[in-house]
Amino acid sequence: VQAVHGGSVLLMGGGQEGGRRGGTENVPYIAGIGRAADMLFEHGDRSGLEANAMHMQKMRSRLLERITTGLEESTGKTDISRVNGPLNADQRLPNTLSIGLKGVQSGRLLADIGEVVACSAGSACHSSSGPTMSYSAILKAMNVPQTFAVGTLRLSVGPNTSLEDVDFAADVIVKEATRQLNT
């Protein structure tokens, strides 16, 4: 690879691949992705895919609204949360919410609610360990202020996520974030 392209090798491959490519294809996952794609197009058109996207966008928007409103009501402040990413909701993934909570430590929040609400801290390209996290380079590149970046949560919804699921998750997040803000 280096001789052909003049660069350095990023991944060392196994002998069976002539040292060119690392890893083996995950056949069960590939088959699963294929089946998932089939399920989206079972009606012969994009209606299943579009219906799923619309449902997930509705759930994501409700989750954002419930967290934002809940924090405003519990703290009396309107500047506690901010969406990380495009302000136009149509330019965001329909199933993912990245929200920064000012004054909250997302690692600590996860430690307290992680058994009840499935979510992640920071950006998808940055992992944290322990109750605190460093300021993600991805969030820096997105111009997320540090005060919000260290309190960033990533939440995902799916085609089977219900209003009750969203409301429950939002209530748990608001309750714990408010507790952190008041200590």
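Predicted model: local features only at pLDDT ≥ 70, side-chain atom pairs only at ≥ 80, totals over all residues.

Me: In what order do the strands of the open sheet lie?

Reply: Strands (E, at least two residues) and helices (H or I, at least four) are DSSP runs, numbered from the N terminus; two strands pair if DSSP finds at least two bridges between them. Here 4 strands form an open sheet in the order β1-β2-β4-β3, with antiparallel pairing. Because β1 and β3 stand at the edges with a single partner strand each, one side of each has no neighbour in the sheet.

Me: How many bridges join β2 to β4, and which residues face each other across the pairings?

Reply: Strand β2 (residues 96-101) is joined to β4 (residues 152-156) by 5 bridges, and Ser-98 has Arg-154 in β4 as its bridge partner. Between β3 (residues 120-121) and β4 there are 2 bridges, with Ala-121 opposite Leu-153. Strands β1 and β2 share 3 bridges, and Arg-82 is partnered by Gly-100 in β2.

Me: How is the span of helix α3 to be judged?

Reply: The expected span of a helix is 1.5 Å times one less than its number of residues. Helix α3 (residues 47-75) has 29 residues and reaches 42 Å from its first C-alpha to its last, close to the expected 42 Å. Just after α3, Gly-76 takes a positive phi of about 75 degrees.

Me: Which residues of α3 are buried, and what do they pack against?

Reply: Buried means under 20% relative accessible area, exposed means over 50%, and partly exposed lies in between (1.4 Å probe, protein chains only). An α-helix has 3.6 residues a turn, so residues three or four places apart point the same way. The buried residues of α3 include Met-56, Arg-60, Leu-63, Leu-64, Ile-67 and Leu-71. Those buried residues pack against α2 (27-40), β1, β2, β4 and α7 (163-181). In α7, the buried residues include Val-166, Ala-170, Ile-173 and Ala-177, and their cover includes α3, β2, α4 (106-113) and β4.

Me: What is Arg-62 in contact with, apart from its sequence neighbours?

Reply: Contact means heavy atoms within 4.5 Å. Arg-62, in helix α3, touches Leu-163, Val-166 and Asp-167, leaving aside neighbours within four places in sequence. Arg-62 counts as partly exposed because its relative accessibility is 29%. Arg-62 and Ala-170 are 108 residues apart in sequence, yet 9.1 Å apart in space, C-alpha to C-alpha.

Me: Is Asn-84 buried or exposed, and with which side chain does it make a polar contact?

Reply: A polar contact is a pair of N or O atoms within 3.5 Å; within protein, one must be able to donate a hydrogen and the other to accept it, and residues adjacent in sequence count only if both atoms are side-chain atoms. Asn-84 lies in the loop between β1 (81-83) and β2, and is buried, with a relative accessible area of 5%. Its side chain makes a polar contact with that of Thr-152 (3.1 Å).

Technical notes:
Residues numbered from 1 in each chain as written. Heavy atoms only, no water.
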